[in-house]
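Try each task yourself, then follow the solution step by step.

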Amino acid sequence: MSNLPACPQCALENTYPDGDNYVCPDCGFEWHQTAVSEAGEETGGPVKDANGNALADGDTVILIKDLKVRSSSIVLKKGTKIKGIRLPEGAGDHEVDCKTDQGAFMLKAEFMKKA
């Protein structure tokens, strides 16, 4: 089993290397090998708060903006301190999993600062 990436055009995994490029024989698409490695590095970076500080599991954060919870009347108020955050893998665009007095939420790191 090889570690070759799937084709970004047709998403089939029948690719092969050809010099500095990958080639998909199914759709004929070719792309540069370094483009794949650069894109992979961006997604694996650290989660940063609104001030650019790296967050880690167990950190305490403070909300910097009132956040209305969709489909409910709950509002998470600015200045709320949240202890013991988690940073789950593959959670989409909401990077932080946390528990507050109002319940458990998935939040974006851009709306919090490290305490």
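**Exercise 1. Find how accessible Cys27 is, and decide whether Cys27 is bonded to another cysteine.**

Step 1. Cys27 has a relative accessible area of 39%, so it is partly exposed. Here buried means under 20% relative accessible area, exposed means over 50%, and partly exposed lies in between (1.4 Å probe, protein chains only).

Step 2. The closest cysteine sulfur to that of Cys27 belongs to Cys7, at 3.7 Å, which is too far for a bond. A disulfide is counted when a pair of cysteine sulfur atoms lies within 2.5 Å.

Step 3. By this rule there are zero disulfides, and Cys7 is in none. Cys7 counts as buried because its relative accessibility is 3%.

A word on the model before you go on: it is predicted, so local features need pLDDT of at least 70 and side-chain atom pairs count only at pLDDT 80 or more, while totals for chains, interfaces and linings use all residues. Residues are numbered from 1 along each chain as its sequence is written, and side-chain values use heavy atoms, with hydrogens and water left out.

**Exercise 2. Work out the strand order of the open sheet of three strands.**

Step 1. Strands are DSSP runs (E, at least two residues), numbered from the N terminus. Two of them pair if DSSP finds at least two bridges between them.

Step 2. The order is β1-β2-β3, and the pairing is antiparallel. At the edges are β1 (16-18) and β3 (30-32), each of which pairs on one side only.

Step 3. Now look at β2 (residues 21-23): three bridges join it to β3 in the antiparallel sense.

**Exercise 3. Describe the largest nonpolar core.**

Step 1. A nonpolar core is a set of buried Ala, Val, Leu, Ile, Met, Phe, Trp, Tyr and Cys residues joined through side-chain atoms within 4.5 Å. The largest one has 16 residues, and Leu55, Ile85 and Leu107 have the most contacts inside it.

Step 2. At least two residues of this core come from each of β4 (61-63), β8 (96-100) and β9 (103-107).

Step 3. Pick Leu55 and list its contacts (heavy atoms within 4.5 Å). Beyond neighbours within four places in sequence, the partners of Leu55 include Val61, Ile85, Leu87, Val96 and Met112.

Step 4. Next, trace β8 and β9: a hairpin of two residues joins them, and they pair in the antiparallel sense over five bridges. Val96 stands opposite Leu107 in β9.

How values were computed
Helix = DSSP H or I, 4+ residues; strand = E, 2+ residues; numbered from the N terminus.
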